[in-house]
Amino acid sequence: MKTKSKKKKMFLLVVSIVAVLIIVGDWALSVMVYNENFNLRFESYEPLMLYVDDFDGLQRTKYEFTSNKGQKLVGYLYSSGENQSGIIVMAHGFGGGGHNSYMDCANYFARHGYYVFAYDATGNDESEGEGVGGLPQGVIDLDYAITYVKESGKFPNLPIALFGHSWGGYSVCSVLTYHPEVKAVIACSGFNSSSNLFEAGGKKQIGDGIYLMLPFVKLYEKMKYGGYASNTAMDGFSKSNAAVMIVHSFDDEVVPVEYGYEIYYEKYKDDSRFSFLPLEKEGHNYFNDDAYRNEYNAEFDQWLKTLDYDYNSAENGERFLEDKADYIYKNLDREKWCNSLDVELFEDFVGFYHQSIN
């Protein structure tokens, strides 16, 4: 009997050790995959960067402020004309660099009665940080940006509104928990919780296997970011009286509507402070009229066919980057590229701000 008891204890010990090793391994794998996807540094692609001189009458002033770990963030106050009725704080998306690619949006809002404070989040463009760290960092940086606008004494004392796309769309909603004074929010292609983007992308790669990683990802974010990690867009809505516009395209493959729009619509479709703008076939990025961009992309594809080397080959990588940049500098019509916003869409945005703030 003692022999059987010892064997049973040994078996349980082995099973326990194996279970621990599996959990530790899953934890390590989840953290590694998370960091490989989200703890990266992003720089805007120089040949396609936007500049203040691309927009008639647009002016900006540079500011620096610190975020949660003392890292310096760089932002700009954009303006055009006088009699602004509010300050729109803009939160950019994930992966393309900082706020630069949204400068045309800032220009439109500035020309239609608003100051715009747009900044580069941690790990992007002019701001410090070896990497973003994780998605809750976007909420943290926005929290610090709003506080800086309110309390630094360097900005006009005007109502504050928010505008965000994708990662920024999540951030502008979640941050309402900490800033109920915000008057209006436009969230485009956003998601409800920080783990949503990891889940959406992971399902494409490994299917339902992503759900084995999600608990570890959520724990990892909680350990790094505390309450910011568990706070959601829905939490922000419940703590705020701000007017909210939700914009999303139903064919969005980066942030599917079930991670944002559909959650919000189910609860708030009959709430008068919420406006929902569903799009059908606009994808994840829909701010621009695609006429010139499609024309340019078609010409670029034709140029690719003229190359006498394999531009997909690693050995030709540096050569192709140089040739590509040279082609863009010589062939891009900057005036068309920089002034291709979907005016009808942005008229709706400005109308929403006017109605909500004034």
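**Which helix holds both Arg319 and Asp323, and how many residues apart are they?** Both lie in helix α11 (residues 317-331), 4 residues apart, about one turn of the helix. This is a predicted model: local features need pLDDT of at least 70, side-chain atom pairs count only at pLDDT 80 or more, and totals for chains, interfaces and linings use all residues. Residues are numbered from 1 along each chain as its sequence is written, and side-chain values use heavy atoms, without hydrogens and water.

**View 1. Arg319 and Asp323 form a salt bridge.** The N to O distance is 4.0 Å. A salt bridge here is a side-chain nitrogen of Lys or Arg within 4 Å of a carboxyl oxygen of Asp or Glu. Asp308 joins Arg319 and Asp323 in a network of salt bridges. Arg319 is partly exposed, at 41% relative accessibility (buried is under 20%, exposed over 50%, partly exposed in between; 1.4 Å probe, protein chains only). Asp323, at 26%, is also partly exposed.

View 2. Asp326 is partly exposed at 38%; Lys330 is exposed at 63%.

**View 3. Lys150 and Glu181 form a salt bridge.** Their closest N and O atoms are 3.1 Å apart. Lys150 lies in helix α3 and Glu181 in the loop between α4 and β6 (184-188), so the pair ties together parts 31 residues apart in sequence. (Helices are DSSP runs of H or I, at least four residues; strands are E, at least two; both are numbered from the N terminus.)
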